[in-house]
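Good morning, and thank you for coming. I would like to take you through one structure today, and I ask that you keep it in view while I speak.

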Amino acid sequence: MDSPDSLFDEGLAASPTPSDIAVVGDMEPTSSCAPPIPGLFFTPSLLLPLELADQITEFCLKHYFNQPGVNQIMLFGAASDSTPGLLAFIKHQPLVKFTPFFPRTPTHARQAILNLYHPGEGITPHVDLLKRFGDGIVGLSLGSSCVMQFTRVEEADDNVRLKQLFLPERTMIVLSGDAHYAWTHGIEKRTTDLVGDAKTFRIVERGVRLSITFRWLLASEDVVGLEVTKL
Ligand SMILES: O=C(O)CCC(=O)C(=O)O
Ligand SMILES: [Fe+2]
């Protein structure tokens with residue numbers, strides 16, 4: 001993937017966007033207990049307030065996903081008016097204190113990627129572009145849950161290379177450090193997820209899911225082309 005506007009690392013994914021209906025494959029029950037990946041922070045009980053979540057979802061669907069076939073939007077700039085009230089909420093959550101996401105003196109532009117997934121769609125495992133983004137990605141799940149999968153970029157000794165995490169709707173995940181740079185993240189193309197543990201689990205249907213991920217752009221990476229939405 002050579003395009004200068006590519007968001008993801010070469011070799012790991014060909015410009016992943018939510019895509020393609022797939023057959024349900026083998027599933028393992030997955031819980032909302034964060035896997036032991038350094039730099040991955042997730043608190044299942046921390047939920048975006050329902051009213052705010054509904055407002056943001058409605059706003060994004062109306063303003064950004066109002067044409068057929070559009071399933072990914074990139075926003076650049078302060079990204080405050082573009083997702084009203086969302087950054088103000090995120091900023092005060094202890095989870096983001098672990099990341100350099102809200103430095104005392106912001107020096108870089110902010111970027112948000114909005115992905116819309118219909119049931120059966122997913123995103124190829126990838127590492128977000130290392131050279132373009134600063135450390136610390138904050139991701140929100142709106143409208144539906146899903147299972148996110150993580151694999152180590154380098155082969156490691158441990159038996160379990162693939163780790164999974166169930167992301168209920170209105171939850172927030174933070175990927176920083178190793179979780180950002182040394183592991184891929186992706187979502188399998190499924191219409192259902194198996195949630196729980198080996199003994200007690202249930203099938204959860206996927207609905208339409210909107211994810212919003214915030215990042216910092218590194219210096220000189222804040223101009224990527226004229227086709228992007230400038231705020
Ligand atoms: O949908 C998600 O939660 C993940 C999106 C993602 O990985 C990305 O936009 O880079
Ligand atoms: Fe990503």
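This is a predicted model: local features need pLDDT of at least 70, side-chain atom pairs count only at pLDDT 80 or more; totals for chains, interfaces and linings use all residues.

Let us begin with the metal. Which residues coordinate the iron ion, ligand 2? They are H126 and H185, each through its NE2 atom, and D128 through OD, at 2.1 to 2.2 Å. Along the sequence, these donors follow the spacing H-x1-D-x56-H. Both H126 and D128 are buried.

H185 also brings us to ligand 1. There are 14 residues around ligand 1, and H185 is among those that come nearest, together with N115, Y117, R209 and S211. Consider now the side chains that place an N or O atom close to an oxygen atom of this ligand. For R209 the distance is 2.8 Å, for N115 it is 2.9 Å, and for R215 it is 3.0 Å. Taken alone, ligand 1 exposes 290 Å², of which the protein buries 97%.

Next, the strands. Strand β10, residues 192-196, runs antiparallel to strand β11, residues 201-205, and five bridges join them. One of the pairings is between T192 and E205. The two strands, β10 and β11, form a hairpin, with four residues between them.

Finally, the cysteines. A disulfide is a covalent bond between the sulfur atoms of two cysteines. How many disulfides does a search of the whole structure find? The number is zero. Is C33 buried or exposed? C33 counts as exposed because its relative accessibility is 55%. C60, at 0% relative accessibility, therefore counts as buried.

Note on methods:
Residues are numbered from 1 along each chain as its sequence is written. Chains are lettered from A and ligands numbered from 1 in the order in which they are written. Side-chain values use heavy atoms; hydrogens and water are left out. Donors are N, O and S atoms within 2.8 Å of the metal (3.2 Å for Na, K and Ca); water is not among the atoms, so sites may look incomplete. Buried means under 20% relative accessible area, exposed over 50%, partly exposed in between (1.4 Å probe, protein chains only). Two strands pair if DSSP finds at least two bridges between them. A disulfide is a pair of cysteine sulfur atoms within 2.5 Å. A residue is near a molecule or strand if one of its heavy atoms lies within 4 Å of it. A polar contact is a pair of N or O atoms within 3.5 Å; within protein, one must be able to donate a hydrogen and the other to accept it, and residues adjacent in sequence count only if both atoms are side-chain atoms. Accessible areas come from the Shrake-Rupley method with a 1.4 Å probe; for residues, only the protein chains shown count as cover.
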